[in-house]
Amino acid sequence: MASVDLEKVRVVVVGDSGVGKSSLVTLICRGQPNLYPSWTIGAAVDVKIHEYKEGTPAQKSYFVECWDIGGSVNHANSRHIFYNPVNGIILVHDLTNRKSHSNLRLWLSEVLSRESTYGTRSRTSTSEYDPEQFAGTRIPVLVVGTKHDQLDSTRQTKLQTSVIAEECGADEINLDCTLARHVAPGSTNAVKLSRFFDKVIYRRFYSNPARDSPQKVIERRFFSRDSSQQPVGSPTEKRRPFTPQFMKNLHTD
């Protein structure tokens, strides 16, 4: 086997329980729908290879780790252990559930507050995010609306831009996670996803290194000789579940 060293970034995928985060992560990382999603306990990780600035002389491959964070309130006090570090945020809401959209402010606040509360026992966010706090971090954000297929034709044509997407200067996509064509190469959604991952990588490795002082993180994957496209063990293998207890033990070792 030949080994390849790729730098990696971490993107957290957050939103209320049941909005379709696991299905979205599977669609993004594997290009195919997850027809039988299960509830996420703690967090689960899937990986994709992204071509940064594809089609240009600066093209380079990176690993993108998509951390699917469980939305259950039962784990609200321990979710903060998954938010360090965060290079990008995908906010997910259910287009048929307006409450899930308004709660995105709470989710964004929870992630952005990770540094001030990291390592503490309690971690329940009850306040909306501070726009000034976000302006100070400028972490790339993508807003995703799921279950587009469950809207009637009238509501589909009258969908308005998400308020939180406007406030964050973020791209927004609305899709049906059961249809692979919604993220097919060349589609509008695929272009926005690629642009988002480019922003994440740019901020992590190329934006003002003197200020950010990024420490390079190398991910080694092994490729079989007959296939140079998919690394052995990722992303085609089963997603790796991470429970809060597992992560606590990891940080205390």
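**Notebook: contacts in a predicted model**

I started at an aromatic ring and found Arg204 over the face of Phe205, at 4.7 Å from the ring centre. My test for a charge over a ring was NZ of Lys or CZ of Arg within 6 Å of the ring centre and within 35 degrees of the ring normal. Arg10 lies over the face of Trp67, with 3.9 Å to the ring centre.

I number residues from 1 along each chain as its sequence is written, and side-chain values use heavy atoms, with hydrogens and water left out.

**Entry: ring pairs**

I searched the whole structure for aromatic pairs and got six. The rings of Phe, Tyr and Trp (its six-membered ring) pair if their centres lie within 6.5 Å; planes under 30 degrees apart are stacked, over 60 edge-to-face, and the rest tilted.

I looked up Trp67 and Phe82. Their ring centres are 6.3 Å apart and their planes stand at 45°, so I logged the pair as tilted. Trp67 is in strand S3 and Phe82 in the loop between S3 and strand S4 (88-94), 15 residues apart. Helices here are DSSP runs of H or I with at least four residues, strands are runs of E with at least two, and numbering goes from the N terminus. Trp67 and Phe82 are both buried. Buried means under 20% relative accessible area, exposed over 50%, and partly exposed in between, with a 1.4 Å probe and protein chains only.

Next came Tyr202 and Tyr206. What is the angle between the planes of Tyr202 and Tyr206? The planes lie at 20° with the centres 6.3 Å apart, so this pair is stacked. Tyr202 is partly exposed at 42%. Tyr206 is partly exposed too, at 36%. I also traced a cluster: ring pairs link Tyr52, Tyr62, Tyr202, Phe205 and Tyr206.

**Entry: salt bridges**

I counted seven salt bridges in the structure. Each needs a side-chain nitrogen of Lys or Arg within 4 Å of a carboxyl oxygen of Asp or Glu.

Glu7 and Lys60 meet at 3.1 Å, N to O. Glu7 is in strand S1 (residues 2-14) and Lys60 in strand S3 (residues 60-69), so the bridge ties together parts 53 residues apart in sequence. Is Glu7 buried or exposed? Glu7 is buried, at 8% relative accessibility. Lys60 is partly exposed at 36%.

Glu167 pairs with Arg105, with 2.9 Å between the closest N and O atoms. Glu167 sits in helix H7 (residues 163-168) and Arg105 in helix H3 (residues 104-112), so parts 62 residues apart in sequence are tied together. I read Glu167 as partly exposed, at 41%.

Asp171 and Arg195 form a salt bridge at 2.9 Å, N to O. This pair links distant parts of the chain, 24 residues apart: Asp171 in strand S6 (residues 171-174) and Arg195 in helix H8 (residues 188-205). Asp171 is buried at 19%. Arg195 is partly exposed at 38%.

I found Thr188 exposed, at 54% relative accessibility.

**Entry: strand S2**

Eight of the ten residues of S2 (residues 43-52) are buried, so the strand is largely enclosed by the rest of the structure. S2 and S3 run antiparallel and are joined by ten bridges. Strands pair if DSSP finds at least two bridges between them. I marked Glu51 opposite Ser61 in S3.

**Entry: helix H1 and the cysteines**

H1 (residues 21-30) is mostly covered, with nine of its ten residues buried. Among them are Leu24, Val25, Leu27 and Ile28. Just after H1, Gly31 takes a positive phi of about 70°.

How many disulfides does the whole structure hold? I found zero, taking a disulfide as a pair of cysteine sulfur atoms within 2.5 Å. Cys29 is in no disulfide, and the nearest cysteine sulfur, from Cys66, is 3.7 Å away. Cys29 is buried at 10%. Cys177 is buried at 8%.

Key. Predicted model: local features only at pLDDT ≥ 70, side-chain atom pairs only at ≥ 80, totals over all residues.
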